[in-house]
Amino acid sequence: MDVFYHSTRSKDEPVTASMAILKGLSEDGGLFVPDRIPALDKSLKELAGMSYQEVAYEVMKLFLTDFTEDELKDCIRKAYDEKFDTEVIAPLVQAEGAFFLELFHGATIAFKDMALSILPHLLITAARKNHITREIVILTATSGDTGKAALAGFAGVEGTKIIVFYPKNGVSPIQEKQMVTQKGDNTLVVGIHGNFDDAQTGVKRIFSDQELAGEMAEKGFQFSSANSINIGRLVPQIVYYVYAYARLLGEGRLATGEKINVVVPTGNFGNILAAFYAKNMGLPIAKLICASNDNKVLYDFFATGTYDRNREFVLTSSPSMDILISSNLERLIYRIAGEDAERNLAFMEALSSHGKYEITTEMRAALQDFYGNFATEEEVAATIRRIYEDCGYVIDTHTAVAACVYRKYAEETKDGTKTVIASTASPFKFTRSVMEAIDPQYASMGDFELVDRLSALAGVAVPKAIEEIRDARIVHDHVCEKDEMKDVVKKFLGIE
Ligand SMILES: *Cc1c(COP(=O)(O)O)cnc(C)c1O
């Protein structure tokens, strides 16, 4: 049975999966949601015997119903190949009484690769299916990891251009270097004076600019989004939760039907929403544990029922989670508002005009499966140090937020359910913060000296993604104000 996608903000006609991927965001500013969440049609026992690619097909075929089997398998094959440094694609490591699901073995060593290595292929296939001849322009705001992963995915892909905006002083030195050294004529990377939310708001504004859309069409361009609001990113992220469960089952670490908890370090709410969708497909997940850093807007939301972005934006050592507007939360709000677009729209309008909204008691009751907590900067550093000292396993700052929150949860609730922690970045991506957490004396060392030291300490080879940027030339040095973003886009596309 086909799955169609409709906006969270209006009752407009539903669109096919391929159209939803092409559009990224609905014209009314809403997010596309599936009209139903399909149930897994293979048993977990069957899935346990499958490779990552096979599980990916079994999950994605249920959501992307207008893709043929050949199309989908072709996209999956091109995405999950030797770009990953391990055949299992997403290994599980047992430490600290939990299973760390390592989602950072792709081209840019952060979990964004899990979806962004397949999105370009889904997008091009979707364009072909819908007879789109215009060139696709990917416009993306990044808090650091999306940018590079999207650049790596789209660089050199014919029929596409990609423009990435990032907060000039809001990403790690390695993240910035990864982006500004990106090769490919179809790529543009621009720093903005502002934070991630400014970049994201700017991008959303450009997307909904009808006048610009007209000018673009005349010149043979159309926008699409690689941000985590695109269902072409959300759906591939469901895969690894199913895969992780199936592997644990296959290895006898879980009994048939046994439930797990999932802990996700959260920013834009995309990764944890994928886990929520997996649960709704029938994966035995008990609690969805939402871990925040000092920008704890989600923790406050789960604790009080009020989402309030009116607060100081804090720069932390987990920059990919430095976000005050968690875009994908809208899909959950829509759902707990009874799939009522009008009600959801009222919340989103309140958010955009007053910076906050309060959900009803009845809506809060529908959030029982979620648990939220946060980790301070000191706690993040202490968690990295403790896990390293206890078992020699080195985790990055984002994963440490999750590990810390998991510990708080376990102590608070005494819940002994087996737990999977989404490990979202390689420690090599945040070397400085990680090494200074392990021992403050490392503060005096240079970035790449630290990389080598980390490699020795963790007993892990320096990933290719890091070797590549050691001596790479900077090719993007453009910085602009947040209200100049539209002009930058027009200039790059030759629209004056
Ligand atoms: C993007 C990112 C996150 C947050 O994921 P969301 O889907 O935005 O919640 C966490 N950790 C890392 C390393 C990331 O790159």
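The side chain of Ser 224 reaches the backbone oxygen of Leu 22 at 2.7 Å, and that of Ile 21 at 3.5 Å. Both are polar contacts, meaning a pair of N or O atoms within 3.5 Å; within protein, one must be able to donate a hydrogen and the other to accept it, and residues adjacent in sequence count only if both atoms are side-chain atoms. This is a predicted model in which local features need pLDDT of at least 70 and side-chain atom pairs count only at pLDDT 80 or more, while totals for chains, interfaces and linings use all residues. Residues are numbered from 1 along each chain as its sequence is written, and side-chain values use heavy atoms, with hydrogens and water left out.

**Ser 224 and its strand**

- Ser 224 is found in strand β8; strands (E, at least two residues) and helices (H or I, at least four) are DSSP runs, numbered from the N terminus.
- With a relative accessible area of 1%, Ser 224 is buried. Buried means under 20% relative accessible area, exposed over 50%, and partly exposed in between (1.4 Å probe, protein chains only).
- Leaving aside neighbours within four places in sequence, Ser 224 is in contact with residues including Gly 24, Leu 123, Phe 207 and Asn 230. Contact here means heavy atoms within 4.5 Å.
- Five of the five residues of β8 (221–225) are buried, so the strand is largely enclosed by the rest of the structure.
- Both of its faces are covered, with Phe 221, Phe 223 and Ser 225 on one side and Gln 222 and Ser 224 on the other.
- Strand β5 (residues 135–141) runs parallel to β8, and five bridges join them. Two strands pair if DSSP finds at least two bridges between them.
- Ser 224 is the bridge partner of Ile 138.

**A six-stranded sheet**

- Six strands make up an open sheet with mixed pairing, in the order β3-β4-β14-β9-β10-β13.
- At the edges sit β3 (92–95) and β13 (370–374), each pairing on one side only.
- From one strand to the next, the twist averages 25°. Axes are lines fitted to C-alpha atoms, for helices over the stretch in contact, and angles run from 0 to 180 degrees between N-to-C directions.
- Strands β9 (residues 260–265) and β10 (residues 285–292) run parallel, joined by five bridges, and Val 262 has Leu 288 as its bridge partner in β10.
- Helix α13 (residues 297–304) packs on the sheet, where it touches β10 and β13, and its direction makes about 135° with that of β13.
- Five bridges also join β10 to β13, again running parallel, and Ala 291 stands opposite Asn 373 in β13.
- What makes β13 largely enclosed by the rest of the structure? Five of its five residues are buried, so the strand is largely enclosed.
- On one side of β13 are Phe 370, Gly 372 and Phe 374, and on the other Tyr 371 and Asn 373.

**A buried loop residue**

- Phe 104 lies in the loop between β4 (98–102) and α5 (112–116), and is buried, with a relative accessible area of 10%.
- Phe 104 and Ser 426 are 322 residues apart in sequence, but their C-alpha atoms are 5.7 Å apart in space.
- Not counting residues up to four places away in sequence, Phe 104 touches several residues, among them Ile 109, Ala 110, Ser 423 and Ser 426.

**Nonpolar cores**

- The largest nonpolar core has 116 residues, and Tyr 5, Met 60, Leu 64, Tyr 241, Phe 269, Ile 333 and Tyr 357 touch the most other members. A nonpolar core is a set of buried Ala, Val, Leu, Ile, Met, Phe, Trp, Tyr and Cys residues joined through side-chain atoms within 4.5 Å.
- Helix α11 (residues 231–250) gives the largest share of this core, 14 residues.
- Apart from this core lies another, of 43 residues, with Ala 291, Met 321, Phe 428 and Ile 469 among them.

**Aromatic pairs**

- How many aromatic pairs does a search of the whole structure find? The search finds 17. Rings of Phe, Tyr and Trp (its six-membered ring) pair if their centres lie within 6.5 Å; planes under 30 degrees apart count as stacked, over 60 as edge-to-face and the rest as tilted.
- Tyr 240 and Tyr 241 form a tilted pair, 5.0 Å centre to centre with 50° between the planes, and both are buried.
- Tyr 307 and Tyr 357 form a stacked pair, 5.6 Å centre to centre with 10° between the planes.
- Tyr 307 lies in strand β11 (residues 306–308) and Tyr 357 in strand β12 (residues 356–358), so the pair ties together parts that are 50 residues apart in sequence.
- Ring pairs link a cluster that includes Phe 269, Phe 276, Tyr 307, Tyr 357 and Phe 370.
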